[in-house]
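Here is a short briefing to read with the model open beside you. Take it topic by topic, and turn the structure as you go.

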Amino acid sequence: TGTIELFGTPLARFRDRRRLGYVPQRSGVTVGVPATVREVVLGGRLPRHPVLGLHGPADRRAAAEAVERVGLADRLRTPFTELSGGQQQRVACARALASRPAIVFADEPTGNLDSQSGAEVLGLLRRSVDEFDQTIVMVTHDASAASHADRVIFLADGHVVGSLERPSADEILARIGELAAPRSTH
């Protein structure tokens, strides 16, 4: 139960989607759809989140800047389907970041990536916080990914059961162990 408000507006009535970004677990661009990196970032060929939606298309300059931020400026005209999985996920990040949204929701953004590609995506999201003052809300089961956060909130059965500030991966794993341990009935 409860409500979610963004910038003082209930989520159901929130209309300024440009203030939100969304990085899906998988890039979600349909294979066979002819789209360059620029078209994906501009045209929104990534899936829309059923509740959050996505912000409107970025302008060309903002799209180019976002692609540069993710380290793929030399690939703007490359067909999206020719990119590696890690590069595709960085394009998904560029799409989410193109309009400089205040909040970016990231759903397991490294879940399908090798460790090097995952580290690149996490570094990119961390820089978005540090350099552009964006808020990243990331859902993950990966303690290493979570350790990039300023704050980690633990959920169990839909309830907040704990949190840590700027934790290491080992601290996160230890807390998970504590939360999973059976409680004494004394």
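In the hairpin of β6 and β7, two residues sit between the strands, and D157 takes a positive phi near 55 degrees there. Keep in mind that this is a predicted model.

- Strand β7 covers residues 159-165, and its pairing with β6 is antiparallel, with six bridges.
- D157 belongs to the loop that links β6 and β7.
- Is D157 buried or exposed? D157 has a relative accessible area of 79%, and because exposed means over 50%, D157 counts as exposed.
- The positive phi of D157 is found in a residue other than glycine.

**A nonpolar patch on the surface**
- Which residues form the nonpolar patch on the surface? They are I153, L155 and V160, and together they have about 320 Å² of accessible area.
- L155 is part of strand β6, which runs over residues 151-156.
- Why does L155 count as exposed? The reason is its relative accessibility of 61%, as the cut-off for exposed is over 50%.

**The open sheet**
- Three strands make up an open sheet in the order β3-β4-β5, and their pairing is parallel.
- The edges are taken by β3 (20-23) and β5 (135-139); each has a single partner strand, so one side of each has no neighbour in the sheet.
- On average, neighbouring strands of this sheet are turned by 15 degrees against each other, with direction ignored.
- β4 spans residues 103-107, and five bridges join it to β5 in the parallel sense.
- If you want a landmark in this pairing, F105 stands opposite V137 in β5.
- As a reminder for viewing, side chains in a regular strand alternate between the two faces of the sheet.

- D133 is placed in the loop between α4 (115-132) and β5.
- What is the phi of D133? Its value is near 55 degrees, which is positive in a residue other than glycine.
- D133 has a relative accessible area of 69% and is therefore exposed, given the cut-off of over 50%.

- Helix α2 covers residues 60-69, and its buried residues are A62, A63, A66, V67 and R69.
- Where do these buried residues fall around the helix? Seen down the axis of α2, they lie within an arc of 155 degrees, so they line one face of the helix.
- After α2 comes G71, with a positive phi near 80 degrees.

**The whole chain**
- How many helices and strands does the chain have? There are six helices and seven strands.
- Along the sequence they follow the pattern β-β-β-α-α-α-β-α-β-α-β-β-α.
- The chain has 186 residues, and 40% of them count as buried, where buried means under 20% relative accessible area.

Technical notes: Residues are numbered from 1 along each chain as its sequence is written. This is a predicted model: local features need pLDDT of at least 70, side-chain atom pairs count only at pLDDT 80 or more; totals for chains, interfaces and linings use all residues. Side-chain values use heavy atoms; hydrogens and water are left out. Patches are made of residues with over 30% relative accessible area and no salt bridge: like charges are joined within 9 Å, nonpolar side chains (Val, Leu, Ile, Met, Phe, Trp, Tyr) within 5 Å. Accessible areas come from the Shrake-Rupley method with a 1.4 Å probe; for residues, only the protein chains shown count as cover. A salt bridge is a side-chain nitrogen of Lys or Arg within 4 Å of a carboxyl oxygen of Asp or Glu. Helices (H or I, at least four residues) and strands (E, at least two) are DSSP runs, numbered from the N terminus. Buried means under 20% relative accessible area, exposed over 50%, partly exposed in between (1.4 Å probe, protein chains only). Two strands pair if DSSP finds at least two bridges between them. The arc is that of the directions from the helix axis to the C-beta atoms. Axes are lines fitted to C-alpha atoms, for helices over the stretch in contact, and angles run from 0 to 180 degrees between N-to-C directions.
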